[in-house]
Amino acid sequence: MLPDAGRSWPAPAKLNLFLRILGRRSDGYHSLQTVFQFVNLYDELRCAVRRDGELRRIDPLPGVAPADDLCVRAARALKAHTACSLGADISLLKRIPMGGGLGGGSSDAATTLLALNRLWRLDLPRPQLAALGLTLGADVPVFVMGRAAWAEGVGERLTPIDLDQPWYLIVDAGVAVSTASVFKHPKLTRNSAPVTISAYRSGFSGNDCLAVVRALYPVIDAAYCWLSEFGEAHLSGTGGCLFARFEGYESAARTLSLLPAPWRGWVVQGLNHHPLLDD
C-alpha cells in the first residue's frame with residue numbers, strides 16, 4: 001500500500017481581503033487586484049489510486065454534473081498532461097459553501113492536483129501544477145502555490161505577502177451568487193485605478209463587486225447590514241459570503257451566537273500558509 005493511501009487531504013477556504021477591477025481584457029476576462037488569505041475552514045479530499053486508469057467521483061455533489069466537477073476535471077487534466085496510466089476514486093467531505101466566494105471549488109481542484117501529484121509519484125513542481133490549475137480556474141493557482149498572496153492579472157500573478165492572521169466571522173446568507181451575472185452587470189465598476197501593496201498595508205479596502213451584489217441579492221444586502229453592526233463588513237470575491245475581522249475568537253464567537261436563522265456562520269482564523277505547503 002502507498003504511504004499516503006487513505007489519507008485526508010485538506011482544501012482550505014480563502015477570503016479576498018479586497019478586490020479591485022482594473023479593466024476588461026480582450027479575452028473577456030477582467031484584470032483584477034486582490035489579496036488572498038486562507039482560513040481554517042476546510043473541505044477534505046480522499047483519493048484511492050486505481051490501477052485500471054479510471055477516474056471516478058464516488059460521492060457526486062448534488063446538482064453538479066461530472067463534467068463540471070472541478071475535482072474530476074483537475075484529475076483528468078493532470079492525467080492528460082502527464083500521460084499517467086493510473087486512475088483514482090475521489091471523495092470529498094464538503095464544508096465550504098458553494099457559490100459563496102470562498103474558493104471552495106478551486107481549492108478542491110488544487111488539492112486534487114497536489115494529492116494525485118504525490119499519489120501518482122509524478123513530482124511535478126508547484127509552478128507547473130499552478131499553470132495546469134489556471135486552465136481550471138483563476139483562483140486555483142494561489143491554492144497550489146500555498147501562500148497568502150497579492151494577486152494581479154486574472155488572479156494568477158502572485159506575490160507572496162505576510163499578513164496578520166486574525167479571527168474572522170464569515171456569514172453565509174444561503175445565496176449562491178452567479179459570478180458570471182456579476183461580471184456581466186452593466187453597473188459593475190470596471191475602471192478602478194490600481195493600488196499598491198503599500199497602500200493596501202496602509203488600510204485600503206473595498207470590493208468593486210459589493211454594490212452590484214447588494215443590489216442583485218436583497219438577502220445578502222440584509223446580511224451585510226447586520227454584520228456591519230458589529231464590525232467592518234466585507235464581501236469575499238463576488239460573494240455571497242461576507243466577513244468581518246474581530247479582535248479575538250471570543251468576540252467573533254459572541255457575534256456568531258447572535259446570527260439570525262437561517263443564516264450560517266463560522267469563526268475562522270486567517271492563515272498565511274496552505275496546510276499542504278510543506279507537504
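Select Asp-123 to begin: this residue lies in the loop between helix H2 (104–119) and helix H3. Helices (H or I, at least four residues) and strands (E, at least two) are DSSP runs, numbered from the N terminus. The structure on display is a predicted model, in which local features need pLDDT of at least 70 and side-chain atom pairs count only at pLDDT 80 or more, while totals for chains, interfaces and linings use all residues. Residues are numbered from 1 along each chain as its sequence is written, and side-chain values use heavy atoms, with hydrogens and water left out.

**First stop: two residues with positive phi**

Remain at Asp-123, whose phi is near 60 degrees, a positive value in a residue other than glycine. Is Asp-123 buried or exposed? Asp-123 is exposed, with a relative accessible area of 65%. Here, buried means under 20% relative accessible area, exposed means over 50%, and partly exposed lies in between (1.4 Å probe, protein chains only).

Next, select Ala-83, in the loop between H1 and strand E4 (87–93). Ala-83 is not a glycine, yet its phi is positive, at about 55 degrees. Ala-83 is exposed, with a relative accessible area of 65%.

Two packed helices are described by the angle between their axes and the distance between the axes. Axes are lines fitted to C-alpha atoms, for helices over the stretch in contact, and angles run from 0 to 180 degrees between N-to-C directions.

Select H2 and H3 together. They pack at an angle of about 135 degrees, with their axes 10 Å apart. H2 and H3 are therefore oblique to each other; angles under 35 degrees count as roughly parallel, over 145 as roughly antiparallel, 65 to 115 as roughly perpendicular and the rest as oblique. The crossing of H2 and H3 is right-handed. A crossing is left-handed if the near helix is turned anticlockwise from the far one by less than a right angle, and right-handed if clockwise. Which residues make the contact? Leu-113, Leu-114 and Asn-117 of H2 meet Arg-126, Leu-129, Leu-132 and Gly-133 of H3, where contact means heavy atoms within 4.5 Å. By class, this contact of H2 with H3 has four nonpolar, two polar and one charged residues. Ala, Val, Leu, Ile, Met, Phe, Trp, Tyr, Cys and Pro count as nonpolar, Asp, Glu, Lys and Arg as charged, and the others, Gly among them, as polar.

Ala-77, Leu-78 and His-81 of H1 make the contact with Gln-128, Leu-129 and Leu-132 of H3. The residues of this contact of H1 with H3 comprise four nonpolar, two polar and no charged ones.

Finally, display H1 with H2. Their axes come within 8 Å and cross at roughly 35 degrees, and the crossing is right-handed. The contact of H1 with H2 divides into eight nonpolar, four polar and one charged residues.

Move to helix H8 (residues 218–228), where Ile-220, Ala-223, Tyr-224, Trp-226 and Leu-227 are buried. They cover an arc of only 165 degrees around the axis, which puts them on the same side of H8; the arc is that of the directions from the helix axis to the C-beta atoms. An α-helix has 3.6 residues a turn, so residues three or four places apart point the same way. Against which elements do the buried residues of H8 pack? They pack against strand E7 (167–172), helix H7 (210–216), strand E8 (233–235), strand E9 (242–246) and helix H9 (249–257).

Select Gly-240, in the loop between E8 and E9. The peptide bond from Gly-239 to Gly-240 is cis, with omega near 10 degrees. Cys-241 is also placed in the loop between E8 and E9, and at 1% relative accessibility it counts as buried. Among the residues that Cys-241 touches are Pro-97, Leu-102, Ile-170 and His-234.

Continue to Pro-262, in the loop between H9 and strand E10 (264–271). A cis peptide bond joins Ala-261 and Pro-262, with omega about 5 degrees.

The tour ends at Asn-272, in the segment after E10. At 9% relative accessibility, Asn-272 counts as buried. Its contacts include Gln-37, Phe-38, Arg-147 and Asp-164.
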